[in-house]
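Work through the exercises below with the sequence and the coordinates at hand. Each task is followed by a solution in steps.

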Amino acid sequence: VQLVESGGGLVQAGGSLRLSCAASGSISSINDMGWYRQAPGKQRELVAAISRGGTTNYAESVKGRFTISRDSAKNTVYLQMSGLKPEDTAVYFCNAGILSTFLLRGDYWGQGTQVTVSS
């Protein structure tokens, strides 16, 4: 099982980016999916998460600006980011709780994608 992220890059403050994360491999089912971020010198923090049933939760700092969604048919989770601020600059990581076809449950991470917001 692996998670592959895409969509990061450099954007000006106030701009938008859309991150994608596709899970592949021997997947039986996927439970919660989420996005975390880690800025230089800081701990990794939860940005947004979405349950299998579609319930979402967001960090206070991104509420109203970011939207998480998922396409279960494609095993993919998205993060639409708008109104970006320089403080949103970080490496963004995808996370998913996955049950493999071997009935092994694990917590998987993507490799990370850099988001840089210039002022």
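Two strands count as paired if DSSP finds at least two bridges between them. The model used here is predicted.

**Exercise 1. Strand content**

Determine how many helices and strands the protein has, and write the pattern along the sequence.

Solution. Step 1: the secondary structure comes to zero helices and eleven strands. Step 2: reading along the sequence gives β-β-β-β-β-β-β-β-β-β-β.

**Exercise 2. The partners of S4**

Find how strand S4 pairs with strand S9 and with strand S5, and which residues stand opposite Gly34 and Tyr36.

Solution. Step 1: S4 covers residues 27-38 and S9 covers residues 90-100; nine bridges join the two, and they run antiparallel. With at least two bridges required, S4 and S9 count as a pair. Step 2: in this pairing, Gly34 faces Asn95 of S9. Step 3: S5, residues 45-50, is joined to S4 by five bridges, again in the antiparallel sense. Here Tyr36 is opposite Leu46 of S5. Step 4: S4 and S5 make a hairpin with six residues between them, and Gly41 in the turn has a positive phi of about 80°.

**Exercise 3. An open sheet**

Give the strand order of the open sheet of four strands and name its edge strands.

Solution. Step 1: the order is S1-S3-S8-S7, with antiparallel pairing. Step 2: S1 (2-6) and S7 (66-71) are the edge strands, since each pairs on one side only. Step 3: from one strand to the next the twist averages 15°. Step 4: between S1 and S3 (residues 17-24), which run antiparallel, there are five bridges. Leu3 stands opposite Ala23 in S3.

**Exercise 4. Charges over rings**

Which rings lie under the charged ends of Arg18 and Arg44?

Solution. Step 1: the cut-off for the distance from CZ of Arg to the ring centre is 6 Å. Step 2: the charged end of Arg18 is over the ring of Tyr78, at 4.1 Å from its centre. Step 3: for Arg44 the ring is that of Phe93, and the distance to the centre is 3.7 Å.

**Exercise 5. Overall dimensions**

Solution. Step 2: along the principal axes, the C-alpha atoms fill a box of roughly 45 × 25 × 20 Å. Step 3: 42% of the 119 residues count as buried. Step 4: of the contacts between residues at least 6 apart in sequence, 55% join residues at least 24 apart.

Key:
Residues numbered from 1 in each chain as written. Predicted model: local features only at pLDDT ≥ 70, side-chain atom pairs only at ≥ 80, totals over all residues. Heavy atoms only, no water. Lys NZ or Arg CZ within 6 Å of the ring centre and 35° of its normal. Axes fitted to C-alpha atoms, helices over the stretch in contact; angles between N-to-C directions. Buried < 20%, exposed > 50% of the residue type's maximum accessible area, 1.4 Å probe, protein only. Contact = heavy atoms within 4.5 Å.
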